[in-house]
Amino acid sequence: MSDAQPPSPKDPDSSTQIRQEIEGNKNQTIGQVLGGIVVYVSGGQAIFYPASSQPETEVGKPKRSDIGPNPYKGLLAFQETDGDRFFGRDTQIRQLWEKFRSLHEVDSAVRLLPVYGPSGSGKSSLARAGLIPELARRPLPGRDRARVAVLVPGTHPLEKLATVLARVATNDPIPVAKSREFCEELAQVNAEGEYDGLRRIANVLPDIAISPLIIVVDQLEEIYTLCKDSTERTSFIGNLLCAAADRAQRVSAIVTLRSDFLGETQKHTVLNSLFAEQGFLVRSMNEAELREAISQPAEMAGHPLDAATIQLLFEQTEGREGALPLFQFALTRIWEGMGDGTPPAKTLKDIGGVGGALAGEAQRVYNSLSPSEKEIARRLFLGLVQLGEGARDTRRRVAVASLMARSDEPVQFRRVMERFTDPGVRLMTVSAEGSEETAEVTHEALFEHWQQLNDWLDGSRDDIRFQRRLDEAAKYWEAQKRPAGLLWRRPDIDLLHSYHKRFSQQMTDQQLDFFQATVRRETQQKVLQGMGVSGLIALAAGMTWFGVQASRAEQRALARQFAAQAEQLLNQPSVTQKEAGALLAAKSLEPLQRWKEESGDVNQALRSSLRIQLSLATLDHDAEVLAVAFSADGGRVATASSDNTARVWDADSGETLATLNHDAEVNAMAFSADGRRVTTASSDKTARVHWVWSYDLAQQLCRRLNRNLAASEWEKYIQSDLTDYSLTCPKLPVHLTVVDKAQKLAAAGDVEEATALFRRVLKLARDADQELDIDPSTDVLDQNPKAVALKFSAVSIVREAESLARDGNVNQAISRYQKALSLNPEIDLNPATEGAIEQDPEAVAKAIAAAAGN
């Protein structure tokens, strides 16, 4: 690379080129870039040269010979290669550059620059298309040969960091082995409790003294929204902070974050302090900046927009939150219209203005969905609208969990959400509020311009209002531990029945639980009313709770009346009447409690009621019951008996849900915290763990499928880890897809997880008196879980090594062959050859490389 200062990337006369330097494949052009520093992003080493005025065309769209490629980005964020069409941010770019420089002027500073702002504020574009090219044009003092590593965290941020570091270290676009090695290093904690892996790796990078490393983490919020492993999240942040604080100043970092995730940074004290002390809030663009962003790309492309169109665009986006993607998207449509000869003003009118362009995109995405997905999309958007009572509708932030109906398949529901939250669309925004995931409509312009949404709203407002009222009642009922007093009464029950009849498939778990509890309570009240008892109880309760004023004599008389009625009911043959009498006897105390008096009649009724056994359900065994336990939610009961069984019952109905057998009496049992498993202890010298997620469902599945569940079915419908896999048909074989899954886990390097799954299926087979071969590729009956897992892992590594050797990476291939031998000393390193087993890594690697011409 030349040490000369590169020309400005916005110079229309300069050329644009990016080259990838990889051993055996020098100077391969892979895309368009700009600047004068080295950047690693989703590929090999990229050298930034000055950019031309003509950015690359959109994928899949032909160039327009008369007007040229579209210079606007639409709903997509600007990237490092877009600096030549990134306008209106010069002041903020300069401020960012100066702030970043100041972090390098103090040895004790933590060189991490946080850039944050609301969704749609342009923070990612400012960092990637603004600051990075600016660092290329104006390198920091002494850092004219810096390297920039760009990553988006995703579900495994540590793995992403390891991969981009491996690309820096090896110039290999697919550094699988080195990435795994670096990932292990990044996960380690030193003696002082620091994650120093990034600092240690950076210190040994080639030319690190003259080419320091700048790590750009775009969309840092993904470590909270996508990464579910708190340990990996902590280690990722720890590595950034440790390396950025090193006085050697070989690593610095730039991170972008949506401002609604600032609260999450409080979990990491140092990171939170850095956001407070040296963070950069991306402000909204002023009029002059916005006009420049609208007009300059078209002007540089040789087809300037007229002043009237610019003014109209400005007026339609002024003061609107997240306006930048809106006008960029409208501008892409205007440019396309210009290519077809349509004047900008007409295009803007035809698409319905800035908001109309967005509505058209929403309709396009909706039209691409299947019928069942469209129904989910309809409920999603209706759930995210705050109805304007006498005013315009606005957006509403809602917990994602409250939007999913019980009938929804979680995978399909999530897929529909992702279609509207995709970065290329951004019609919906997902955020984190503590441990809760929330969603909202990104742009309120949809409410005004998307006719499909307005049609839904016009026909659903009353139902939406009722659904919101039901949702709030169900949430409050749940939060208060489900008291019966918070369940609905008439006339609300009638409305609830009607709503359930029409929309039961769209109701959430919480709403359905509330409905079912309300119906149960209503049924119980009807029974009491039929016996003529409920009126007396209601009268007593009303007099007690609402403070009806009456004399002591009247209260005593009322108590005696209740007691006499209770005695009468207690002497009836019906169990239901006896139970009602016992309840009424207890109620007869209430009129006397105010003056702390006693009554002989009341005491006699209470004594009589004590002889009555009140029971909701009778749970029968064939012998003595030795132990009883409730599930955490109170919905199920487990009993242990000397009839050699434990049984799981529905607590309300007394229906048997599962019978768990032993060879001797069962002495004890307990539910797991999640209620899915029951542990039993028996005199047969065993304790067993039983999967009772729904025993009756398992029996139904067995009857309908006549086989056990496949691995994908278990994960999709049971929504539990495969290591909990159970037989829905105990007398039939384990489904072979579960064995296949274990083999694939081993091949992917997850030996421990594969071993655990192999052990699980072997145990299930043995318990069912079945024989299972977990490696049917051999002629022998393989039943050693660890050995089989190591074998499949080794086979996968051999294939990887063979590919490396064919590409000429002999040393890396030798290393992988050696790894395979360490896992399985008997493996054949070159199975393509016939005859003796080959186990010389160097000879095999060189032979394969030579055969491939390398």
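Let's start at R482, which sits in the loop joining α18 (461–479) to α19 (492–503). Helices here are DSSP runs of H or I with at least four residues, strands are runs of E with at least two, and both are numbered from the N terminus. R482 isn't a glycine, yet its phi is positive, about 60°. Is R482 buried or exposed, or something in between? It counts as partly exposed, because its relative accessibility is 39%. The cut-offs, with a 1.4 Å probe and protein chains only: buried is under 20% relative accessible area, exposed is over 50%, and partly exposed is in between.

Before I go on, the ground rules. This is a predicted model, so local features need pLDDT of at least 70 and side-chain atom pairs count only at pLDDT 80 or more, while totals for chains, interfaces and linings use all residues. Residues are numbered from 1 along each chain as its sequence is written, and side-chain values use heavy atoms, with hydrogens and water left out.

There's another positive phi at K685, near 70°, again in a residue other than glycine. You'll find K685 in the loop between β20 (677–682) and β21 (687–691). With 83% relative accessibility, K685 counts as exposed.

Quick look at the whole chain. It has 32 helices and 21 strands, and of its 854 residues, 50% count as buried. Contact, by the way, means heavy atoms within 4.5 Å. If you take contacts with a separation of 6 or more, 64% of them are between residues 24 or more positions apart.

Now zoom in on α4, residues 176–186. Which residues of this helix are buried? S179, F182 and L186 are. They sit on the same side of α4, because they cover an arc of only 70° around the axis; that arc is taken from the directions from the helix axis to the C-beta atoms. The buried residues of α4 pack against α3 (157–170), α5 (197–203) and α7 (230–245).

Let's take the α3 partner. Two packed helices are described by the angle between their axes and the distance between the axes. For α3 and α4, the angle is about 125° and the axes are 8 Å apart. That makes the pair oblique. The scheme is: under 35 degrees is roughly parallel, over 145 roughly antiparallel, 65 to 115 roughly perpendicular, and the rest oblique. Axes are lines fitted to C-alpha atoms, for helices over the stretch in contact, with angles running from 0 to 180 degrees between N-to-C directions. On the α4 side, the contact is made by K178, S179, F182, C183 and L186. The α3 side includes L158, L161, L165 and A169.

Further along, α31 (810–823) and α32 (841–851) make another pair, with axes that come within 9 Å and cross at roughly 135°. So α31 is oblique to α32, and their crossing is right-handed. Among the contact residues are I814, Y817 and L821 of α31, and V844, A845 and I848 of α32.

Next, a loop residue: D408, between β12 (398–399) and α15 (410–421). D408 is buried, at 12% relative accessible area. What does the D408 side chain make a polar contact with? The side chain of R379, at 2.6 Å. A polar contact is a pair of N or O atoms within 3.5 Å; within protein, one must be able to donate a hydrogen and the other to accept it, and residues adjacent in sequence count only if both atoms are side-chain atoms. The D408 side chain also reaches the backbone nitrogen of A405, at 3.0 Å. Leaving aside neighbours within four places in sequence, D408 is in contact with I376, R379, L403 and F413.

Last stop, N644, in the loop between β16 (636–641) and β17 (645–650). N644 is partly exposed, with a relative accessibility of 28%. Its side chain reaches the backbone nitrogen of E665 at 3.1 Å. Beyond four places in sequence, the contacts of N644 include L660, H662 and V666. Okay, over to you for questions.

Technical notes. A crossing is left-handed if the near helix is turned anticlockwise from the far one by less than a right angle, and right-handed if clockwise.
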